[in-house]
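Please consult the sequence and structure shown here alongside the text.

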Amino acid sequence: MAAFVEPHFDAWTQSGGGNMSVVDKVPPEMLHMVHPHWNQFPPMNPLWHSILGFAIFMLGMISMTGNGCVMYIFTNTKSLRTPSNLLVVNLAFSDFFMMFTMGPPMVINCWHETWTFGPFACELY
């Protein structure tokens with residue numbers, strides 16, 4: 001969706017964007033965290049950011065819904081509370097928590113086409 005809001009990629013290609021790199025979109029306060037190796041790669045087409053953001057959003061919703069159902073059913077049905085099913089609930093909880101904490105920042109950053117939460121959150125992520 002972000003690819004249709006602003007003319008990012010067209011502006012780069014028409015204004016001599018041959019010298020642009022992936023690092024040009026990094027906020028100035030975070031440039032020290034990016035290895036010089038990444039300077040050699042051209043910027044990605046914004047459409048890929050939109051596709052990735054949409055895919056992560058859909059996977060996150062499916063994951064949280066499915067794992068939430070598994071946790072609800074396995075913990076509320078007395079006959080399913082066995083030691084082996086505890087592993088299933090543990091795995092569902094881990095997957096749910098991973099998508100709950102990692103999915104939204106990924107979608108937001110795909111929308112903005114760069115990291116938006118600052119250097120500390122980048123290290124934490």
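The points below are grouped by topic, from the overall chain to individual residues.

The model is predicted. Its chain has four helices and zero strands, in the order α-α-α-α along the sequence. Of its 125 residues, 25% count as buried.

**Overall chain**

- The chain exposes about 8900 Å², and carbon and sulfur atoms supply 72% of that area.
- Among contacts in the chain with a separation of 6 or more, 54% are accounted for by residues 24 or more positions apart.

**Aromatic pairs**

- How many aromatic pairs does the structure hold? The count is five.
- One of these is the pair of F93 and F97, with 6.1 Å from centre to centre and 15 degrees between the planes. The pair is classed as stacked because the angle between its planes is under 30 degrees.
- Both F93 and F97 belong to helix α3, which covers residues 83-112.
- For F97 the relative accessible area is 46%, so F97 is partly exposed.
- The rings of W115 and F117 have centres 5.5 Å apart and planes at 75 degrees, which makes the pair edge-to-face.
- W115 counts as buried because its relative accessibility is 15%, whereas F117, at 39%, counts as partly exposed.
- Together with Y125, the residues W115 and F117 form one aromatic cluster.

- Helix α2 spans residues 46-76 and contains S63.
- Is S63 buried or exposed? S63 has a relative accessible area of 12% and is therefore buried, the limit being under 20%.
- With neighbours within four places in sequence left aside, the residues in contact with S63 are G68, D95 and M99.
- Which residues make the nonpolar surface patch of about 510 Å²? The patch consists of F54, F57, M58, M61 and I62.
- F54, a member of this patch, is found in helix α2. Its relative accessibility of 55% is over 50%, so F54 counts as exposed.

**Cysteines**

- A disulfide is a covalent bond between the sulfur atoms of two cysteines.
- How many disulfides are counted in the model? The count is zero, where a disulfide would need a pair of cysteine sulfur atoms within 2.5 Å.
- C69 counts as partly exposed because its relative accessibility is 42%.
- C110 has a relative accessible area of 6% and is therefore buried.

**Helix α4 and residue A121**

- A121 is found in helix α4, which runs over residues 118-124.
- The relative accessibility of A121 is 23%, so this residue counts as partly exposed. The value is not under 20%, and A121 therefore does not count as buried.
- A121 and P105 are 16 residues apart along the chain, and their C-alpha atoms are separated by 9.8 Å.

Key: Residues are numbered from 1 along each chain as its sequence is written. This is a predicted model: local features need pLDDT of at least 70, side-chain atom pairs count only at pLDDT 80 or more; totals for chains, interfaces and linings use all residues. Side-chain values use heavy atoms; hydrogens and water are left out. Helices (H or I, at least four residues) and strands (E, at least two) are DSSP runs, numbered from the N terminus. Buried means under 20% relative accessible area, exposed over 50%, partly exposed in between (1.4 Å probe, protein chains only). Contact means heavy atoms within 4.5 Å. Rings of Phe, Tyr and Trp (its six-membered ring) pair if their centres lie within 6.5 Å; planes under 30 degrees apart count as stacked, over 60 as edge-to-face and the rest as tilted. Patches are made of residues with over 30% relative accessible area and no salt bridge: like charges are joined within 9 Å, nonpolar side chains (Val, Leu, Ile, Met, Phe, Trp, Tyr) within 5 Å. Accessible areas come from the Shrake-Rupley method with a 1.4 Å probe; for residues, only the protein chains shown count as cover. A salt bridge is a side-chain nitrogen of Lys or Arg within 4 Å of a carboxyl oxygen of Asp or Glu.
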